[in-house]
Amino acid sequence: MKRIFYVLAPVMILLLAFRQVYTFSMSGKVTDAGGNPIANVNIREKGTRNGTVADINGNFKMVVKDSNAILIFNAAGYESMEISLSGKSNVNAVMTLDTKSVSEVVVTAMGVKREEDGYSALVPGNTYKPAAPRRDLTGALSGKVSGVQVNGYATSYNQKTITLRGISSFNTNKQVQNQYQGYISDESYDKITENTFQEVSANPLSTFSIDVDAASYSNVRRFLNQGQLPPAGAVRIEEMINYFHYEYPQPMEGQPFSINTEITNAPWNKDHKLVLIGLQGKKIPMEKLPPSNIVFLVDVSGSMAEPNKLPLVKSSMKMLVEQLREQDRISMVVYAGNAGLVLPPTSGAEKTKIKDAIDRLDAGGSTAGGAGIQLAYKTAKENFKKEGNNRVILCTDGDFNVGASSDADMEQLIENERKSGVFLTVLGFGMGNYKDSKMQKLADKGNGNHAYIDGITEAKKVLVNEFGGTLFTIAKDVKLQLEFNPAKVQAYRLIGYENRILAKEDFNDDKKDAGELGSGHTVTALYEVIPVGVKSSFVKKVDPLKYQENPVALSPSSHTDEILTVKFRYKAPDADVSKLIEQPVLDKGIALTKSSENLQFAAAVAEFGMLLRNSEFKQHSTFGDVIFMARRSKGEDKDGYRSEFIRLAESAELLAKGGTVEEDEEETEGDR
């Protein structure tokens with residue numbers, strides 16, 4: 001044994017002598033020329049494989065080899081740059097928008113077109129459909145059309161359409177006065193018809209399913225970070241509210257979630273009330289989570305070749321792999337023109353094997369999404385863990401075009417597969433051809449959840465920070481039904497949840513599908529209430545009834561101080577029969593400034609969503625009020641998400657001054 005040691009010792013010393021040693025700690029921030037932080041910037045130490053990524057506030061930290069190291073900064077839409085530390089432990093990198101070859105291009109679409117192909121005029125609001133450009137450029141571009149100088153932003157897709165908005169005036173040989181906002185037409189969003197005020201006398205019950213999705217917020221963030229107001233169909237207010245964590249108490253022993261309620265004045269109308277209903281899912285420690293049977297279903301079609309698609313998918317998957325344990329099993333199915341199993345069920349302890357399989361993924365071909373889903377569910381069912389977590393994780397831009405691809409086809413396929421007890425998580429990636437509407441439907445029909453991954457930081461939030469909530473269901477088919485007291489409430493409106501509304505009879509029907517709640521997840525819903533005696537244009541008069549008795553107004557003192565009663569139904573993950581919880585809610589007359597940070601911040605996000613949608617119910621809402629209330633209720637904010645929200649609200653306020661959010665309309669491929 002000693003002889004082996006003496007033989008190996010010199011070799012070990014020699015290897016250690018040539019090992020790269022990192023000894024210098026440094027930090028910094030990445031911004032654009034206007035001082036705005038740039039998130040998800042890739043930062044690498046020159047000549048090494050050492051690197052990091054800037055967070056949502058543009059901040060980063062690194063340990064480099066010495067104080068003279070050179071850092072290389074790369075971000076989509078910006079010119080690559082190098083900075084030598086020269087002994088400094090803190091650097092501020094100011095990145096410049098990529099304007100390469102700008103004299104030859106004009107921003108007309110998702111991509112660029114040669115000037116000589118030209119247009120006779122550039123008209124605000126018009127749509128231009130160019131031929132395929134010679135090359136793609138990503139980032140800020142400028143060029144000329146008939147002598148008109150145009151400045152704006154484009155992404156790297158060919159042969160797509162962009163609508164130019166926000167151009168107030170221009171003249172030949174003069175620079176456009178206002179930069180346009182590009183609207184990406186090949187993305188699809190379902191039309192949202194906002195919930196209206198319901199009179200309690202005619203509709204005392206309000207029934208809906210919970211929604212733990214948060215895809216809308218990160219997608220809206222992507223638009224705003226690109227200098228664009230989002231399309232109205234992309235703004236789902238309940239998902240924006242539920243992107244954030246709220247400090248609700250953990251549930252009592254034996255209960256899957258705690259129920260929390262609060263009432264105050266509505267920030268946008270002092271005569272109205274705002275009711276908060278918050279659920280806190282039981283947080284299960286990592287070591288006590290049941291074993292997992294996870295099947296990654298990865299879209300490797302040609303549309304996934306972009307840097308913010310398959311490369312980001314691969315990085316995201318590797319982060320999730322680091323969370324897996326020996327008892328967990330992971331498989332991988334890919335689909336392009338066909339579907340195939342590229343990683344059979346593998347223990348979570350074999351991380352190198354799993355990551356090697358991920359590294360081998362490459363994009364190309366058409367998109368047979370239906371075949372991929374069928375194979376993924378087949379693989380999950382063959383390796384089903386009866387007492388475990390069985391889940392398919394779909395990573396895609398949603399652009400299915402081979403085999404079963406219509407919304408109806410995909411919904412039917414998912415509805416059939418969910419009966420197996422396998423849950424579904426849908427992770428959306430990319431821009432330009434992002435099919436939000438399709439992925440919403442898949443998640444809703446597949447007993448699952450939906451997140452939009454706009455960068456590596458969001459991937460970490462969904463797959464690492466919220467690992468249990470994303471992947472481990474603690475209650476399924478969770479429904480709420482509120483009964484309003486007509487002696488106290490004249491009318492009410494559920495803010496958001498438009499695609500989660502249920503018929504009143506569905507509440508007691510255990511065959512009716514509803515949303516799932518994950519470990520540690522919070523779910524928040526807001527109602528705007530018009531009290532009895534308040535005059536409102538939202539309450540419409542109808543003629544007296546002829547064939548039945550008209551409702552009789554009740555005394556304000558009737559039925560105690562209860563303003564409403566909220567009822568909950570839920571099932572255990574493996575159960576078919578629901579359980580019922582019931583809780584009355586009292587109005588204690590708490591002023592908005594005295595209400596909890598939970599309610600105030602949720603109200604700020606709701607108000608922000610109404611402004612982005614240009615909602616008919618926004619009333620006295622302003623971006624200034626949103627920002628003020630969000631700052632007041634920011635709280636500890638250890639992950640910086642609420643600070644980021646404030647910055648986005650400030651950006652939206654500036655963008656709104658140059659134009660308004662387009663009218664809410666159904667947007668599908670080729671509409672524009």
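This is a predicted model: local features need pLDDT of at least 70, side-chain atom pairs count only at pLDDT 80 or more; totals for chains, interfaces and linings use all residues.
Three strands make up an open sheet in the order S4-S1-S7, and the pairing is mixed. Strand S4 (59-64) and strand S7 (90-94) sit at the edges with a single partner strand each, so one side of each has no neighbour in the sheet. On average, neighbouring strands here are turned by 25 degrees against each other, with direction ignored. Strands S1 (residues 24-31) and S7 run parallel and are joined by five bridges. Within that pairing, Gly28 is found opposite Val91 of S7.

In soluble globular proteins, nonpolar side chains tend to be buried together. The largest nonpolar core here has 50 residues, and the members that touch the most others are Phe244, Phe608 and Phe645. Quite a few elements put in two or more residues: helices H2 (215-225), H3 (237-241), H11 (597-613), H12 (623-632) and H13 (641-657), along with strands S18 (269-281), S26 (489-495) and S28 (522-531). H11 gives the most, with 11 residues. Leaving out residues up to four places away in sequence, Phe244 touches Tyr217, Thr522, Phe601, Val605, Tyr641, Arg642 and Phe645. There is also a second, separate core of 35 residues, with Val298, Cys395, Ile453 and Leu463 among them.

H12 is worth a look of its own. Its buried residues are Phe623, Val626, Ile627, Met629 and Ala630, and these pack against H11 and H13. An α-helix has 3.6 residues a turn, so residues three or four places apart point the same way.

On to the open space. The second largest pocket comes out at about 1200 Å³. Its lining counts 46 residues, and those nearest the pocket centre are His245, Asn465, Glu466, Gly520 and Asp639. At least two lining residues each come from strand S24 (448-453), helix H9 (456-465), helix H10 (467-471), H11 and H13. H9 has the largest share of this lining, five residues.

The largest cavity holds about 50 Å³. It is lined by 13 residues, with Asn449, Gly469, Thr473, Glu516 and Gly518 closest to its centre. S24, H10 and strand S27 (515-518) each bring at least two residues to the lining of this cavity.

Not counting residues up to four places away in sequence, Gly515 touches Ser209, Ile210, Ala475, Lys476, Asp477, Val478 and Arg500. Gly515 and Ala443 are 72 residues apart in sequence, yet 9.7 Å separates their C-alpha atoms. Ser437, for its part, belongs to helix H8 (residues 436-445). Ser437 has 7% relative accessibility and therefore counts as buried too. With residues up to four places away in sequence again left aside, the contacts of Ser437 are Ser188, Tyr189 and Asp190.

Note on methods: Residues are numbered from 1 along each chain as its sequence is written. Side-chain values use heavy atoms; hydrogens and water are left out. Two strands pair if DSSP finds at least two bridges between them. Helices (H or I, at least four residues) and strands (E, at least two) are DSSP runs, numbered from the N terminus. Axes are lines fitted to C-alpha atoms, for helices over the stretch in contact, and angles run from 0 to 180 degrees between N-to-C directions. A nonpolar core is a set of buried Ala, Val, Leu, Ile, Met, Phe, Trp, Tyr and Cys residues joined through side-chain atoms within 4.5 Å. Buried means under 20% relative accessible area, exposed over 50%, partly exposed in between (1.4 Å probe, protein chains only). Contact means heavy atoms within 4.5 Å. On a 1 Å grid over the protein atoms alone, a cavity is a set of points where a 1.4 Å probe fits but cannot get out, and a pocket is an open set with protein on both sides within 12 Å along at least five of seven lines; lining residues have an atom within 4 Å of a point. Grid points are joined across faces, edges and corners, and a volume is the space filled by probe spheres set on the points.
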